[in-house]
Amino acid sequence: MARAVVFPAAACSDTDTGTTAATSSATTSATTSAADEAAAHNDADVMFAQMMIPHHSQAIEMSDMLLAKEGIPEEVTALAEQIKAAQGPEITQLESWLEQWGEPTEMPETGNNDMPGMDMDEGMDGMEGMEGMEMEGMMSEEDMQALSDAQGTDAARLFLEQMIAHHEGAIDMAQTEIEDGQFPDAVEMARTIVDTQQQEIDTMRQLLTTL
């Protein structure tokens, strides 16, 4: 009876060896595939992520400013909450991609007017249309202070006006990523940004007519 137990166990061991080898091979293949996917990005993808992170962060800061005020119309407050809910997770995803690509989350300082991270001695693959590009729609310190100081309906109106310009800048950057980017998920996020933020612009313009 003891042998009856031992022999099947040995047979099972042989099978396990083959299964382990197959699993190892599959794991190696999956790892290689993931590495290939990480490599399938270009400078436009990196620039898009590095620029959109601070752009989104400012939109959230603007929304927080508004939400801390009293006397803001409910529709405007709801929009600010919507903006925060959409852009917070996108920042997390953008940071994850940059880490996956081995790139810094902040754009390096260049000391000139060239785009950060751009080596003029290298090819310009994926960078067409980005020369001279800045983070469009970003508010200045004076703009942010004005929003901070404003109250009630005036604050709501200023928030909408500033956020329309801010969204328009994000859409411009996203459209450049759609045209020049290579990483599929980043291009898809850019399409989402164009769609959702254009809808929000339309909503904000309508809200301005009610204030």
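Author: Start with the cluster. In this predicted model, ring pairs join Trp97, Trp101 and Phe183. The structure holds 3 aromatic pairs.

Take Trp97 and Phe183. Their ring centres are 5.7 Å apart, and their planes meet at 70°. An angle over 60 degrees counts as edge-to-face, so this pair is edge-to-face. The pair links distant parts of the chain. Trp97 sits in helix 3, residues 74–101. Phe183 sits in the loop between helix 5 (152–180) and helix 6 (184–208).

Now Trp101 and Phe183. This aromatic pair is also edge-to-face. The centres lie 5.1 Å from each other, with 80° between the planes. Trp101 belongs to helix 3 and Phe183 to the loop between helix 5 and helix 6, so the pair ties together parts 82 residues apart in sequence. Trp101 is buried, as is Phe183.

Next, helix 6. Helix 6 has 25 residues. From first C-alpha to last, helix 6 reaches 36 Å, close to the 36 Å expected at 1.5 Å a residue. Its buried residues include Ala186, Val187, Met189, Ala190, Ile193 and Val194. Further along, Gln197, Glu200, Ile201, Met204 and Leu207 are buried too. An α-helix has 3.6 residues a turn, so residues three or four places apart point the same way. Among the elements covering the buried residues of helix 6 are helix 2 (43–67), helix 3 and helix 5.

Notes: Residues numbered from 1 in each chain as written. Predicted model: local features only at pLDDT ≥ 70, side-chain atom pairs only at ≥ 80, totals over all residues. Heavy atoms only, no water. Phe/Tyr/Trp six-rings, centres within 6.5 Å; stacked < 30°, edge-to-face > 60°. Helix = DSSP H or I, 4+ residues; strand = E, 2+ residues; numbered from the N terminus. Buried < 20%, exposed > 50% of the residue type's maximum accessible area, 1.4 Å probe, protein only. Expected span 1.5 Å × (residues − 1). Contact = heavy atoms within 4.5 Å.
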